[in-house]
Every structure is written in C-alpha cells, then in structure tokens.
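Visitor: Could you walk me through this model, one question at a time?
Guide: Gladly; here it is.

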Amino acid sequence: MKNIIISVNNGYYPISINNNFKALINYISEYESSQIFVITDSNVNILHFQALEDTLKKFKLTKFIIPAGEQSKSFQELKNIYNFLIKGNASKKDIIIAFGGGVIGDLVGFAVATFLSGLRLIQVPTSLLSQVDSSVGGKTALNFLSHKNNIGLFYQPIQVFINTSLLTTLPEREFNCGMGEVLVHSILDNSKSLFTLLTEEHERIKARDLIILNELVYLNCNIKRKFVEEDEYEHGKRQSLNLGHTIGHAIESLYNFELKHGECVSLGLVAACYISLQKNILSNEIADKIIKLIELFNLPTYISSLPPYEILDLIQYDKKRNSNINNFILIKDIGEVQIVQIEDLYTEIIPVLLRLQKPYYRSESPINAAKLI
Ligand SMILES: NC(=O)c1ccc[n+]([C@@H]2O[C@H](COP(=O)([O-])OP(=O)(O)OC[C@H]3O[C@@H](n4cnc5c(N)ncnc54)[C@H](O)[C@@H]3O)[C@@H](O)[C@H]2O)c1
C-alpha cells in the first residue's frame, strides 16, 4: 500500500493506493459515521459493488445507482441524488462514497458539496482516468446545455481510496482514455520519471500488471498533488493541468460526448504539439516522442471530420467563461510547459485544426496514426 497526503486550505486528506479493499475498513471505522451511502454507476455496480459490500459488511450500506456514461453528469441525476439523500435522512454525521469513474466522482462530488452545505465524501475511483486524475484535487462538475463542466465547484473529499485491481475489468477503450490524462501528467512532470516509465514499461502497463499499475497511479497522484497544493482553486499553476483540454473540451462538446474525454484530450495534446511547433518552442524530436506514446496507447492523433470554425467558436466560448482569453498551455520540453497568449486565434488556431484533420507525419516517414472518425 502506498499513501500520499494532500494538503489543502482546510486541512489535509490521504490518498491510499492498494490492490484490494482491505484497508478501507480501518479508515471508515475511524470516521465514526452513522450511515454510509454509496453512489455508483450501473456498470461498476454489477462488477464491483459486492466486493465493496463484503469489505464493509459490518456497516449498513445504502446504495444508489446512476446510469453509466457522461450523459449522467446532469441536473436530472443531481436531483435524483438529492432525493436519495433526503429519503435516507442523510446528515453531517454520515459518509457518502462516490464509487465509480470520473462521471460519478464529478457528479457525486457536486451533490455532496451542495447538500446541507457539504457532507463527508470518500472518493473510491474505479476507472484509470479517475484513479490517476479526477478523484484527486476536489474539482466537481456537471455538464449543462451540452457544454462540458460549465457548472461546478471545488470540494475536497476526506479520503481517496484507490484499488488498482478494479482496473482489470475496465474495457480497453476506457483504459486507453485514462492514459490520455496520464500522458498530460507525464509532460508536466519535470522529474521526467512518469515519461520514462511510460516509454520503458508500456507493455506491462498495457498488460495491466498490478505492480506497474500501482506505480503508475502513485506517480500520477503525486504529480497532481503538487499542482493542487500550490494552487487549489486553479488561479495559476494548476491551469497547466488543462494542457490539451481547451481544444479537447471543444471537440468533446461538438461531438456531443460521442467521443470519450480521454480521446478528446489526446487530440488536444496533439494540437498543443502543433501550436508549440508552429511557435518554434518545441522540437520535432520531442513532438515525435509524445505522439509515439499517444499511438502506443491507441489514442487518436487526428480526426478527419473536424470542422475548424465550429471548434474555434467553442474554444472562444470556453476561454471567455474562464476569463483566460487567448491563453494556451504549450509544450517546450518534457517537464516544461509555458502559458502563451495567442492574440489572433483565427490565424494561429485554424491552421492547427486543419492539420488535426490529417495523420501526423514525422519528418522521415508517415505514421499510421489511429484514425477515429
Ligand atoms: N474532476 C476532475 O478533476 C476531472 C479530471 C479529468 C476528468 N474529469 C471528468 O471525468 C469524466 C471521465 O471519467 P471516466 O473516463 O472515468 O468516465 P466514466 O465515469 O464514464 O467511466 C468510464 C466507463 O467505465 C466504466 N467503468 C468504471 N470503472 C470500471 C471498472 N473498474 N470496470 C469496468 N468498467 C468500469 C463506467 O461505468 C463507464 O462506462 C469526464 O466527465 C471528465 O470531465 C474530471
């Protein structure tokens, strides 16, 4: 078992990384709760709820199941959770466990933060994306009017409990999506240890070797910890975690969530490479290495049906609402990013979006890039 302590404004909380549920019972016993509510999704319920229930058998668990998928990050499901909590007489003495991927983590986090001005939340993430990223740092969100994450707030859990053995049942496409966020972290990490691990151990990662998965999740949570501790509310340094996300979110919204978050982040990362190359701050050699890793994890590097002008509109909407108009996170090297102001989005971003319609070419040979649409 590995532990990371994350310090935030109102105290600190542990992230514990295991390959079983055993230690969870000790944590829950310490919290002295009256009732435990578990909110999960329809897939995770079938695959893993029994194991959680067996571990926590000395407690009475009350469960609520939400349909799996991004569409559930909605006001309708939020209302359903409030109803469930009201029916169960949930109070400040109780614990709510968000048991699922990033959708459950974001939605339940928002519900728990806003119900009775905040209950105690334990994140038990079950997808790779949620174990390496979304369960850590307290960002919660809903999608409204098909805009991604436009309703949300920061609310820290009292604990993140990660059981990496759950990842063995994750469909391959979902596993690869989690690798999209891992790749973002590997570019932000100035120790380069994550990038090295991905380069040297990609076969074991793809085979889901539990020893290497524990290491992978640990390195990612630790990278995220550093950003969250320095800038909990994303006013400065934490914005770097959005590398690849500006264009990624626009693609995700445009395709109405038909593409997965991690796939869109991967396309956004390729776009960030293109802008960085265009600005002469990134070498072809490093761009090749990054795109090689994206390909190794079967993530898309281009999307031929991409409509550049519609994407530009969505980017402008996203930039306005975040009051960071014209700021893009660009790549200088592995472990070195730079926030760059792009004055004329039309002239600088449209060529990048056009380039994103076509496979990536290395200088010496064309690449069999993964084509998505
Ligand atoms: N809060 C943050 O900081 C943050 C960061 C990154 C992404 N996100 C959000 O996370 C969401 C994406 O997360 P996700 O990829 O986990 O999506 P998800 O929650 O939809 O999970 C993906 C799919 O995998 C299934 N699943 C989960 N665990 C499983 C397991 N162990 N075995 C088999 N199937 C399993 C789910 O039922 C679902 O069908 C997006 O909404 C994104 O905006 C949030």
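Visitor: Which helix holds N176, and is N176 buried or exposed?
Guide: This is a predicted model, and in it N176 lies in helix α6. Leaving aside neighbours within four places in sequence, N176 is in contact with F297, N298 and L299.

Visitor: Which elements each supply at least two residues of the shell around the ligand, and which of them gives the largest share?
Guide: Helix α6 (172-188) is one of the elements that each supply at least two residues. The others are α2 (42-55), α4 (102-114), α5 (128-134) and β8 (147-154). The largest share is four residues, and it comes from α2.

Visitor: How do the residues of that shell divide into nonpolar, polar and charged, and which come nearest the ligand?
Guide: The shell residues divide into eight nonpolar, ten polar and ten charged. Of the 28 residues around the ligand, the ones that come nearest are D41, E70, S127, K148 and T169.

Visitor: Which polar atoms of the protein lie by nitrogen or oxygen atoms of the ligand, and how much of the ligand is buried?
Guide: A polar backbone atom of V103 is 3.0 Å from an oxygen atom of the ligand. On the nitrogen side, a polar side-chain atom of D106 lies 2.8 Å from a ligand nitrogen, and an N or O atom in the side chain of T169 is 2.7 Å from a ligand nitrogen. Taken alone the ligand exposes 860 Å², and the share of that buried by the protein is 92%.

Visitor: What does UniProt annotate over residues 64-176, and how much of that span is helix and strand?
Guide: The unreviewed UniProt entry gives "domain: 3-dehydroquinate synthase N-terminal" for residues 64-176. The end C-alpha atoms of that span are 28 Å apart. Its make-up is 34% helix and 30% strand.

Visitor: Which residues carry the annotation "transmembrane region", and how far apart are the end C-alpha atoms?
Guide: That annotation, again from the unreviewed UniProt entry, covers residues 95-119. In the model the span is 52% helix and 24% strand. Its end C-alpha atoms lie 7 Å apart.

Visitor: Where is S117, and is S117 buried or exposed?
Guide: S117 sits in the loop between α4 and β6 (120-125). Although S117 is not a glycine, its phi is positive, about 55°. Its relative accessibility is 66%, and because exposed means over 50%, S117 counts as exposed.

Visitor: E234 has a positive phi too; is E234 buried or exposed?
Guide: The phi of E234 is near 60°, and this residue is not a glycine. E234 is found in the loop between α8 and α9 (245-254). At 18% relative accessibility, E234 counts as buried.

Visitor: What polar contact does the side chain of N214 make?
Guide: N214 lies in helix α8 (residues 210-230) and counts as buried at 14% relative accessibility. Its contacts beyond four places in sequence are I17, N18, N19 and T164. The polar contact, at 2.4 Å, joins the side chain of N214 to the side chain of T164.

Visitor: How far is I162 from N214 in space, C-alpha to C-alpha?
Guide: I162 lies in strand β9 (residues 159-163) and is buried, with a relative accessible area of 0%. Leaving aside neighbours within four places in sequence, its contacts include I15, I17, N18, P125 and V217. I162 and N214 are 52 residues apart in sequence, and their C-alpha distance in space is 9.3 Å.

Note on methods:
Residues are numbered from 1 along each chain as its sequence is written. This is a predicted model: local features need pLDDT of at least 70, side-chain atom pairs count only at pLDDT 80 or more; totals for chains, interfaces and linings use all residues. Side-chain values use heavy atoms; hydrogens and water are left out. UniProt positions are given in the numbering used here, feature names are shortened, and annotations may be inferred rather than shown by experiment. Buried means under 20% relative accessible area, exposed over 50%, partly exposed in between (1.4 Å probe, protein chains only). Contact means heavy atoms within 4.5 Å. A residue is near a molecule or strand if one of its heavy atoms lies within 4 Å of it. A polar contact is a pair of N or O atoms within 3.5 Å; within protein, one must be able to donate a hydrogen and the other to accept it, and residues adjacent in sequence count only if both atoms are side-chain atoms. Accessible areas come from the Shrake-Rupley method with a 1.4 Å probe; for residues, only the protein chains shown count as cover. Ala, Val, Leu, Ile, Met, Phe, Trp, Tyr, Cys and Pro count as nonpolar, Asp, Glu, Lys and Arg as charged, and the others, Gly among them, as polar.
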